[in-house]
Amino acid sequence: MLPRPHSPTSPDPTVLVPRAPAIVAGFREIVWLSPEGEIEALSLGEARQRVEFETPLLCHGRAVARRLDVPAFPCLDLLELFAFVRPARFCVPTPGGLATALGLAAPRDMAGGCATLIAAARALLQELQADTALDTRAIAEAAQRAGWSWGPAVLAALPPGSADAEKRAAGLRAWYTLPEWQERAPPPPPGTLPVAPEEARQRLAALLGNGAETRPQQADYAAAVSAAFAPRDTPQVPRAVLAEAGTGVGKTLGYIAPASLWAERNEGAVWVSTYTRNLQSQINGELDRLYPDPGQKRRRVVVRKGRENFLCLLNYEDAVRSASTRQAATVAPLALIARWIGATAAGDLVGGDFPGWLGELIGRGRINSLADRRGECIHSACPHFRRCFVEKNVRAARHAEIVVANHALVMVQAALGGLDDGTVPTRYVFDEGHHLLDAADAAFSVRLSGQEGRELRRWLLGAEAGRSRARGLQRRISDLVEGNDEAGEALIEALVAARVLPADGWQQRVAGGTGLPGFESFLAVARRQVLARAADSESGYGIEAEARPLIDGMPEGAGRLADALDRLATALRRLATALRKPLEHPENPPEPGLRMRLDATIRGLLRRADVLLAGWSSLLRDLGQPARPETVEWLALDRFDGNELDIAINRNWVDPGIPFVKAVAEPAHGLVVTSATLTDGEADPETAWRAAEAATGLRHLAENPASARIASPFDYPAQTRIFIVTDVPRDDMGQVAAAFAALMGASQGGALGLFTAIARLRAVHERIAPVLEARGLLLLAQHIDAMATATLVDIFRAEEDSCLLGTDAVRDGVDVPGRSLRLIVFDRVPWPRPDILHRARKAAFGGAAYDDRICRLRLRQAYGRLVRRADDRGVFVILDRALPSRLLTAFPAGVDIQRLPLVDAVEATAGFLGTQSSAARRTPFPAMP
């Protein structure tokens, strides 16, 4: 029995824990621990009734509410307390994860999880007893006044505060505690000294240190990619290397070795680009070997991201003012963010030191509103400009030696001729190179849609209704156009022309078949064409249709809208020209801050006029013309669970490698494109490499890239088995679910289930969740649990006997070494989706062989998740007897591949993994309804 807290200044940590029950909820079982220490197993109905009238301790309130199938309810969430006490620090968001982070004994069952919650609360509140910072107490007081459930306990734990109200007034105004950036002279252009292969080997050996495991494959890889760091001999012809490194080679340190040597020798920067945030974080961690001193690493390594990833201090200040005036419940979340602001290293809300689960608890919409996701930055006019996280990131990257970026940022940077500071790198390493053209496809495509049009209207006109903090163009630049008649007239012209764009409520109007004149009325006609031409117009998910031939009303509507968009673009160009004049004034040049702001404003205007609006206008005018062979146009109606989200007219390059090479590769002096899965296992090596060059765009270079293929050091025939189940109909979801349950039971967890469609994942999850829980196995699921994919993967990695269901993002982004991943089950053959865009590319990339290549690569990527270390063992299962034998070259030579019934696959899985302890585990579950 836990006593009530009595003295707020008592040094005894036990009395600080609120007298409250604790709850841990599964799919089948819910455990409740009363304040008196009584443990109860509750039914779902009983648990719902308890949380309606009591405020329990729990871990991840939104996930628990989802499990109970109730709206969010008042609770004492341990993750909120953790975020307050240990800001900018991570823990796995489970009772076990809290125990690990706090050095407590790990719970063995759900009842132990409840006890862990109480112990974790006690440990965290005890930590606060030593926190004497004034701002900590001020932030806690602000949260407590807003009704934060942890407020009384936190204030009781904190030492008594100062009576000096002025010193404690900062509170939520956390920006006052941030240091300002200092401007530095721009760096000179980098040199061109090469890195010899032997030098790359030596640098790698130095990075690994004495006593490191000898991996000749890693040294061979480092030597091979060093060719990309030689000086180029011909303009527009970079030194390019296409390098495949099997899992376990250690390619990250392999390319860091020559890249870091080149950067030091030439006083330049190498941009290392990834497709996923997970790998971006891994690379940043690996760079600790190169720069073990944290201060030196901060100066030489920068994780570069777009401004939409960072907290905007002006948006945060607006949120604080708005919440404080209304004494809104949003003050409590802002208090947690204030604590994070005071502790964060870079201010990155996505993938940095802001825990993903904190965004889930606060609400992703609220978090997104605190970033500049619409390009509304006012630069030097912002009162927080000198403390701005984005400006710090941009300036640090200018002087770094290694910049860790992502493909999307690099592509956008190239497409726009440089980002905020005009940076255009000369040396790149593209890791996860098999996704290079996915990023290029997104960056160089044109999408005219209702959502995009609404965002542009908001950027120009700001919030037109409600309590949105969106700042329109006039509000952002009114002081810049003051006294400039030409700029003032152009601004008014642009604001009037912007009225053609979709306004709030456009989805309902367009779905009703009408829409305001201009953009909305055109979307209504486009929607009608999609519904008339789509193969399955009643689908609850996205549908699409050919753009040609156009139905009645489309050509005229497209022409009128193109004219209107041209008028808007012309007004924006006029405004940019008028704002440029002060920059060219011979006698009264602007001061540096104003010059920077004018430059940024002009770039923003011209990007929207010359890239966005010009692209839309060109697309609209081309709809009435014959199709071009290099692009494909199509219409889409985006839906999710039957709800219409957007209507779009799309233009994509059939081969995105063409714009990638033109905008990124040719201007570079050297680049490495690398991955573990560049080739697809095609029997003919020459054919496989030509296909890899096509799939990365490098076939469009004037000279063929150098190539290197370093095999994995792992013994796949000894470490893995592959089973193709022959007696489970792939479209009978009852039998498919039974197969998943039987196989995951045979492995006793550590299983990843991969699905080709969300609907199939949900159908299986509904059937197997209670079955696995009865066996003591935690089941996690993308698209079902109230957690982001990264959070689910973190839990899966930490909980050795858990299971995870997911789709493409999980297949490509999971890095789970050890026993936490010992079984992968694929629901069916992962053929590419036969949509309009794929049909066009299939014709250009080799017909049926293109389908086979995509499928083989997906199988290779999924199988590659299974073995991450030399002592890993695992089983790969495909529940689709229709898997063609020609696709089996996706797997390493010599691996035992068997086609067998489910009952034998279950037995063989248990036998290979050493989990076969009873006859029951050899018996599959009956088909589930």
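**Entry 1: strand β10 and its neighbours**

I started with strand β7 (residues 270-274), which is joined to β10 by three bridges, the two strands running parallel. This is a predicted model, and I read it as such. Across this pairing I found Trp271 opposite Tyr428 of β10. I then looked at what β10 meets in strand β15 (residues 670-675): four bridges join these two, and they also run parallel. Here Tyr428 stands opposite Leu671 of β15.

Next I checked where the side chains of β10 (residues 427-430) go. Arg427 and Val429 point one way, while Tyr428 and Phe430 point the other way. I noted that all four are buried, Arg427 included.

**Entry 2: the seven-stranded sheet**

I traced an open sheet of seven strands and wrote down the order as β19-β20-β18-β21-β22-β17-β23, with parallel pairing. The edges are β19 and β23 (897-900), each of which pairs on one side only. From one strand to the next the twist averages 15°.

Strand β17 (residues 720-725) is connected to β23 by four bridges, and the two run parallel. Phe723 has Gln898 in β23 as its bridge partner. Helix α37 (residues 902-913) packs on the sheet, where I listed its contacts as β17, β21 (823-826), β22 (874-878) and β23. The direction of α37 makes about 170° with that of β17.

**Entry 3: helix α33**

Which residues of helix α33 (residues 789-798) are buried? I recorded Thr791, Leu792, Val793, Ile795 and Phe796. I then asked what covers them. The cover includes three strands of the sheet in Entry 2, β18 (751-754), β19 (779-781) and β20 (803-806). It also includes α16 (356-362).

**Entry 4: helices α23 and α26**

I turned to a helix pair. The axes of α23 (residues 485-497) and α26 (residues 554-580) come within 8 Å and cross at roughly 160°. An angle over 145 degrees counts as roughly antiparallel, and α23 and α26 are therefore roughly antiparallel to each other. The crossing of α23 past α26 is left-handed.

I listed the residues that make the contact. From α23 they are Glu486, Ala487, Glu489, Ala490, Leu491, Glu493, Ala494 and Ala497. From α26 they are Arg567, Leu568, Ala571, Leu572, Arg574, Leu575, Ala578 and Leu579. How many of the contact residues are nonpolar, polar and charged? I have eleven nonpolar, no polar and five charged.

How values were computed. Residues are numbered from 1 along each chain as its sequence is written. This is a predicted model: local features need pLDDT of at least 70, side-chain atom pairs count only at pLDDT 80 or more; totals for chains, interfaces and linings use all residues. Side-chain values use heavy atoms; hydrogens and water are left out. Axes are lines fitted to C-alpha atoms, for helices over the stretch in contact, and angles run from 0 to 180 degrees between N-to-C directions. Angles under 35 degrees count as roughly parallel, over 145 as roughly antiparallel, 65 to 115 as roughly perpendicular and the rest as oblique. A crossing is left-handed if the near helix is turned anticlockwise from the far one by less than a right angle, and right-handed if clockwise. Contact means heavy atoms within 4.5 Å. Ala, Val, Leu, Ile, Met, Phe, Trp, Tyr, Cys and Pro count as nonpolar, Asp, Glu, Lys and Arg as charged, and the others, Gly among them, as polar. Buried means under 20% relative accessible area, exposed over 50%, partly exposed in between (1.4 Å probe, protein chains only). Two strands pair if DSSP finds at least two bridges between them.
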